[in-house]
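Subject: Structure handover

Hello,

Here is the structure I promised to pass on. Please open it first, then read my notes below.

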Amino acid sequence: MSQTVTIVGGGLAGLSLGIGLRRRGADVILHEAACYPRHRVCGEFICGLRPETTAILGISDLLEDAIPCQVTGWYHKGRHAWRKQLKRPALGISRYRLDLRLAERFQALGGTLLEHSRVPYEQDAPGTVWTTGRRAEQSDWMGLKFHCTGIELEHDLELHVGDSGYMGISKIEDGRVNVCGLFRKREGLSARKEELPLAYLRASRLDNLAAKVDSSCLDSSSVVGISHLTYRWKSASKGRLALGDQYMLIPPFTGNGMAMALQGAALAIEPLFAYSQGKQDWAHTLKHVQVGLRRTFRRRLAVSRCIHPLIFHRKGQPILSTANRCGLLPFNFLFNLTH
Ligand SMILES: Cc1cc2nc3c(=O)[nH]c(=O)nc-3n(C[C@H](O)[C@H](O)[C@H](O)COP(=O)(O)OP(=O)(O)OC[C@H]3O[C@@H](n4cnc5c(N)ncnc54)[C@H](O)[C@@H]3O)c2cc1C
């Protein structure tokens, strides 16, 4: 007897899981609180995604025209700190484009997509997968992002670290550049939505970057911000099947959150398909997926959460820069541990 899989949350994890399950013939209903397309706070830099993952999900073709980003440059308060070449190029594509493509693919495969459908958190039941993204909690962090044109980049991805915040700039489609940052909230700093990124750049003593951004052509419709962001080590409640950010949040400097969302979906497909075909009960399905998630992500989450505070700490930043200048920063080793 076949059973329907209900997915709550149509971001990367939910949509890609829906596609993977539909390709195998499972019945899937997906609820998305908002609609497509829309801009999301995200660096739009997909790092550490393996071709095997997109092949399992059946979405490789949707990423074919993403911009390959291989050379990354780190800056500390305007000064070039280091340049690193990634072993495998990361991919630059806007969420506006990618989420829409995934939603269309899911529907083309016969999946039922319900937009503007917010499911209450309490409404958990066997067969429900929670891919609702980060949990909204009070926090000190603020995430901001926008698109612009007319900015010259020295590297495919530039990460500018300032006082209590950083801004990543990377190439996406159509000659556009995504500018996205994470900052500690500053009480008393107020500005109109479109001016908030510039205000935060200046307050973080990233004046050179602010000047560069100020002279670019900003797409005001793409400016988005979020304020409830917590990087505390906290997983979804035990009895619930959660993937992507809802399972666990990885600090954005890794550029690995999207790859993790897709990887989590890929590893959940077979157990969920077995459930949908009545070949495995929900308790076993849940355990199977949770063991896989823990085994796959435990190390990268632990290491990146140790590095994250160093990037923001006034003393941690020069330590990182000096260690790098002296050749003591094992970039490749740390990269492998966090991806
Ligand atoms: C500042 C910042 C920069 C980042 N930069 C990068 C980067 O460069 N590279 C990278 O890989 N990752 C980055 N990330 C992380 C990345 O955005 C996430 O890891 C990724 O979006 C997780 O995908 P997801 O599917 O789990 O959640 P989301 O993409 O957030 O999707 C969740 C969906 O669930 C819906 N939803 C929520 N609640 C409900 C409900 N009750 N009912 C129905 N629907 C609901 C939401 O509307 C949303 O569409 C960044 C994050 C931040 C904050």
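Arg105 sits in helix 3, which covers residues 95-108. The model is predicted, so please read everything below as computed from it. Arg305 is another matter. It lies 200 residues from Arg105 in sequence, and the two C-alpha atoms are 34 Å apart.

Now the overall build.

The protein has 9 helices and 13 strands. Its radius of gyration is 20 Å. A compact globule of 339 residues would come out near 20 Å, so the two agree. Along the principal axes, the C-alpha trace spans about 60 × 40 × 40 Å. Of the 339 residues, 54% are buried. The protein exposes about 15,200 Å², and carbon and sulfur atoms supply 52% of that area. How far apart in sequence are the residues that meet? Take the contacts between residues at least 6 apart in sequence: 75% of them join residues at least 24 apart.

Next, the ligand.

The ligand is surrounded by 35 residues. The closest are Glu32, Phe45, Arg95, Asp245 and Met258. By class, the shell holds 14 nonpolar, 14 polar and 7 charged residues. Which elements supply at least two residues each to this shell? They are helix 1 (12-23), strand 11 (177-184) and helix 6 (257-276). Helix 6 gives the most, with 3 residues.

A polar backbone atom of Met258 is 2.7 Å from an oxygen atom of the ligand. For Leu12, a polar backbone atom is 3.0 Å from a ligand oxygen. For Gly257, the corresponding distance is 3.2 Å. On its own, the ligand has 1,000 Å² of accessible area, and the protein covers 91% of it.

Then some loop residues.

Gln246 lies in the loop between strand 13 (241-242) and helix 6. Its relative accessibility is 2%, so Gln246 counts as buried. What does its side chain reach? The side chain of Gln246 comes to 2.8 Å from the backbone oxygen of Gly133.

His155 is in the loop between strand 8 and strand 9 (157-162). Is His155 buried or exposed? At 7% relative accessibility, His155 is buried, because the cut-off for that class is under 20%. Its side chain makes a polar contact with the side chain of Tyr75, at 3.3 Å. Setting aside residues up to four places away in sequence, His155 touches Val71, Thr72, Gly73, Tyr75, His80 and Arg83.

Asp140 belongs to the loop between strand 7 (128-130) and strand 8 (141-149). With 47% relative accessibility, Asp140 counts as partly exposed. Beyond its neighbours within four places in sequence, Asp140 is in contact with Phe183, Arg184 and Lys185. His80 is 60 residues from Asp140 in sequence, and their C-alpha atoms are 27 Å apart.

Last, some backbone details.

The peptide bond from Tyr36 to Pro37 is cis, with omega near -10 degrees. Pro37 lies in the loop between strand 2 (28-31) and strand 3 (45-46). Glu44 lies in the loop between strand 2 and strand 3 as well. Glu44 is not a glycine, yet its phi is positive, at about 60 degrees. Its relative accessibility is 0%, so Glu44 counts as buried.

Asp174 also has a positive phi without being a glycine, at about 55 degrees. Asp174 is in the loop between strand 10 (165-171) and strand 11. Is Asp174 buried or exposed? At 60% relative accessibility, Asp174 counts as exposed.

Best wishes

Definitions and conventions. Residues numbered from 1 in each chain as written. Predicted model: local features only at pLDDT ≥ 70, side-chain atom pairs only at ≥ 80, totals over all residues. Heavy atoms only, no water. Near = heavy atom within 4 Å. Polar contact = N/O pair within 3.5 Å; in protein donor to acceptor, adjacent residues only side chain to side chain. Areas by Shrake-Rupley, 256 points an atom, 1.4 Å probe, with all protein chains shown as cover. Helix = DSSP H or I, 4+ residues; strand = E, 2+ residues; numbered from the N terminus. Nonpolar A, V, L, I, M, F, W, Y, C, P; charged D, E, K, R; others polar. Rg over C-alpha atoms; globule rule 2.2 N^0.38 Å. Buried < 20%, exposed > 50% of the residue type's maximum accessible area, 1.4 Å probe, protein only. Contact = heavy atoms within 4.5 Å.
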